[in-house]
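Open the model in your viewer and keep the selection tool at hand.

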Amino acid sequence: MSTPQLVVHRDKELMAQAAAARLITKIVDAQTSRGYASVVLTGGRNGNGLLAALAAAPARDAVDWGRLDLWWGDERYLPEGDPDRNDTQARAALLDSVPLDPARVHPMPASDGPFGADVEAAAESYAADLRKASGPENHGSVPTFDVLMLGVGPDTHVASLFPELPAVRETERMVVGVHGAPKPPPTRISLTLPAIRSAREVWLLAAGEDKAQAAAIALSGAGEIQAPAAGAYGRSRTLWLLDAAAAAQLPRSLYPPASP
């Protein structure tokens, strides 16, 4: 378990740009050291804002996009191409504009795919894909992702792990179907906390005053069942990237005065 580190930026635009630059550096470093990089994407306004900033960054050309493995932390169980799906939004923000290897892009199953309404079977299929990608150098049945990104919801949820619901209590499975999510759509697929914790680095993104209470709760020692964001951490680093509005309820002692 890594102790959370905080970086607070002036506003959400600067946060997205700085996070995009940070991600480019991580990807290039991983590709230089072992030939490829592995990243888990997140949806929502902050995740999509980061991808749009990355698309606009001149330094994006430093990435060898054909040697990048992309996964998702969660997905709304909707038909392929639905505008509310995280992968649809990610493709519009960035993925369709860079030369990725389609075989290395791993969207979660759609509700109009081979599993139909059986979201549990869809989740198990994604878990099987993760197992196949996990090598002997990895810990357990998922790859050791270089960076796993998560948006933080106003209720402290991350991925589709909502407070008190069964998915956040899961300790064995890496991917689960989610039923009865408190925000639409109610049916989803999500990585679990054990899968999230397999990542080398976990980055939690929060911008806007509606995220201030969630950040304060998650960073104040709350339990992961009540505040799932508190249970999201990486093997070597856990990084909270916030704007000033989201950090408004945090004591200054939690982050350095020099945070840009």
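A pocket here is an open set of grid points where a 1.4 Å probe fits, with protein on both sides within 12 Å along at least five of seven lines; its lining residues have an atom within 4 Å of a point. Keep in mind that this is a predicted model.

**Stop 1: the second largest pocket**

Select Pro-4, Ala-218, Leu-219, Ala-230 and Trp-240. Of the 16 residues that line the second largest pocket, these lie nearest its centre. The space here is about 200 Å³. Now colour strand S1 (4-9) and strand S9 (237-243). Each supplies at least two residues of this lining. What classes of residue make up the lining of the second largest pocket? Twelve are nonpolar, four are polar and none is charged.

**Stop 2: the largest pocket**

Next, select Gly-43, Gly-44, Arg-76, His-157 and Lys-183. They lie nearest the centre of the largest pocket, which has 20 lining residues. Its volume is about 320 Å³. H2 has the largest share, with four. By class, the lining of this pocket holds four nonpolar, nine polar and seven charged residues.

**Stop 3: the cavity**

Now go inside. How many cavities of 30 Å³ or more does the structure hold? There is one. The largest cavity has a volume of about 60 Å³. The eleven lining residues are nonpolar, with no polar and no charged ones.

**Stop 4: the nonpolar core**

Select Leu-191 and Trp-240. The largest nonpolar core has 86 residues, and these two touch the most other members. H1 gives the most to this core, with eight residues. Trp-240 was also on the list at Stop 1, among the residues nearest the centre of the second largest pocket.

Finish by zooming in on Leu-191. Which residues does Leu-191 touch, leaving out those up to four places away in sequence? They are Val-40, Trp-72, Gly-73, Met-108, Tyr-126, Leu-130, Leu-148, Ala-159, Leu-161, Met-174, Val-175 and Ile-196.

Key:
Residues numbered from 1 in each chain as written. Predicted model: local features only at pLDDT ≥ 70, side-chain atom pairs only at ≥ 80, totals over all residues. Heavy atoms only, no water. 1 Å grid on protein atoms, 1.4 Å probe; cavity = no way out; pocket = protein on both sides within 12 Å on 5 of 7 lines; lining within 4 Å. Points joined across faces, edges and corners; volume = space filled by probe spheres on them. Nonpolar A, V, L, I, M, F, W, Y, C, P; charged D, E, K, R; others polar. Core = buried A, V, L, I, M, F, W, Y, C linked by side-chain atoms within 4.5 Å. Buried < 20%, exposed > 50% of the residue type's maximum accessible area, 1.4 Å probe, protein only. Contact = heavy atoms within 4.5 Å.
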